[in-house]
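Please look over the sequence and the structure before reading on.

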Amino acid sequence: MGAGPGKTLRAYAGLAGRILGTRLGSKRPFKVTLVLTDRCDCRCKGCLIWQREKRTELTPEQIGTFLRAAPSLRWVNLTGGELFLRNDMVEVAAAVRDALPNLAVLDFPTTGQRTDVILRDVERMTALGIPKLVLTCSIEGPPALHDELRGRPGAFDNMIATYKGLRALDGVDVYLGMTLSEANACAVDDTFAAVREHVVDFDWRDLHINVYTESGHYYANLDAGLRRPAEMENVLARALKSREGSWHPTDLIEATYLRLLPEYLRTGRSPLPCKALRAGVFIDAQGDVHPCTVYGRKLGNVLETPLYEILDTAEAEDARDVIERDACPGCWSPCEANPTIVATAPESLTRRPRS
């Protein structure tokens, strides 16, 4: 069973308080993106994590220890690699919950290839009492294109089976997430139609669109050969229209991301003043701390030094200054864009792209 209404309300209020703290200048993040593994069961063309040399991964106990020392965190994004190649995902989720009793959101992606394992583990996670549990199945296109870009025959069918199974579970919000590059931006409508063949009530609001991002220390894809799309106005118009009039927080964030995406595609810079190292922080699979998914500057390691001490160093302060001067590599990755959007609301929610 999920969290009760009282706990959920307190968790959301606590998250709102931490977001306000960011607006007031706090250096204590409310969100962490934590890589759990470099292993993956796909061989994607746009993400080369799967090519990395495989190293020791953080244990649930280690994760719990360093999160417990960072109580400002209210939103934990777990990522990989493919998380469900680990056999302890339920234990990891429980360690996060126990370390952060005021946790509001736990979210993570999956390739959706290990259907039985994923459904079993996620059902167990729904009993942990986490207020908001969110899972995204990654999709690249209609079946043939999806399998080609994922480098795995049958990947689309496996993912769809997982997605359908997850939608049948109570206590978890489930979406499809499509990362658009020059290789698949023209195939969004075909992708939507292909999903509708399996899920008749699939809606634009069930599809989260983001844009291809390059990162040396995370995706290891600087030489992958893919590029972000140059134009996608028609797709964005339809995705935005589906969220018009909605006051649901997810729709507000998604609509702002999409509305400002053309500006990023044109400039290569974040349309909003990025709040990395204030709203959020990135920790890789070995515990190394970086400002975000794209800015690869190493600031320390949470297995050696508490996170707050790392964030208070001169190195972190200099990195924060680089970000605030917009001198970092620049991105509009949802890992950074979404906490930036909520940390700059309500102004961000009405911001229009600059021409």
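Met 89, Val 90 and Ala 93 in H3 meet Asp 121, Arg 124 and Met 125 in H4, where contact means heavy atoms within 4.5 Å. By class, this contact of H3 with H4 has 4 nonpolar, no polar and 2 charged residues; Ala, Val, Leu, Ile, Met, Phe, Trp, Tyr, Cys and Pro count as nonpolar, Asp, Glu, Lys and Arg as charged, and the others, Gly among them, as polar. The model is predicted, with local features needing pLDDT of at least 70 and side-chain atom pairs counting only at pLDDT 80 or more, while totals for chains, interfaces and linings use all residues. Residues are numbered from 1 along each chain as its sequence is written, and side-chain values use heavy atoms, with hydrogens and water left out. Helices (H or I, at least four residues) and strands (E, at least two) are DSSP runs, numbered from the N terminus.

**Helix pairs**

- Helix H3 (residues 89-99) and helix H4 (residues 115-125) pack at an angle of about 25°, with axes 9 Å apart; axes are lines fitted to C-alpha atoms, for helices over the stretch in contact, and angles run from 0 to 180 degrees between N-to-C directions.
- That angle makes H3 roughly parallel to H4, given that angles under 35 degrees count as roughly parallel, over 145 as roughly antiparallel, 65 to 115 as roughly perpendicular and the rest as oblique.
- Helix H2 (residues 60-68) packs with H3 at an angle of about 20°, the axes being 8 Å apart, which makes H2 roughly parallel to H3.
- In this pair, Pro 60, Ile 63, Gly 64, Leu 67 and Arg 68 of H2 meet Glu 91, Val 92, Ala 95, Val 96 and Ala 99 of H3, and the contact residues divide into 7 nonpolar, 1 polar and 2 charged.
- Helix H9 (residues 249-267) and helix H12 (residues 334-343) pack at an angle of about 115°, with their axes 10 Å apart, and are therefore roughly perpendicular to each other.
- Ile 253, Thr 256 and Tyr 257 of H9 make the contact with Pro 334, Ala 337, Asn 338, Ile 341 and Val 342 of H12, with 6 nonpolar, 2 polar and no charged residues by class.

**Buried positions**

- In helix H7 (residues 188-196), Val 188, Thr 191, Phe 192, Ala 194 and Val 195 are buried, a term for under 20% relative accessible area, with exposed meaning over 50% and partly exposed in between (1.4 Å probe, protein chains only).
- These residues cover an arc of only 160° around the axis, which puts them on the same side of H7; the arc is that of the directions from the helix axis to the C-beta atoms.
- Among the elements against which the buried residues of H7 pack are strand E4 (132-139), helix H5 (143-150) and strand E6 (207-211).
- Asn 210 lies in strand E6 and is buried, with a relative accessible area of 15%.
- Not counting residues up to four places away in sequence, Asn 210 touches Met 178, Thr 179, Leu 180, Tyr 257 and Pro 334.

**Backbone geometry**

- The peptide bond from Gly 80 to Gly 81 is cis, with omega near 25°, and Gly 81 lies in the loop between strand E2 (75-79) and H3.
- Another cis peptide bond joins Ala 345 and Pro 346, with omega about 5°.
- Leu 277 has a positive phi of about 70° although it is not a glycine, and at 1% relative accessibility Leu 277 counts as buried.
- Asp 326, also not a glycine, has a positive phi of about 60°, and is partly exposed, with a relative accessible area of 39%.
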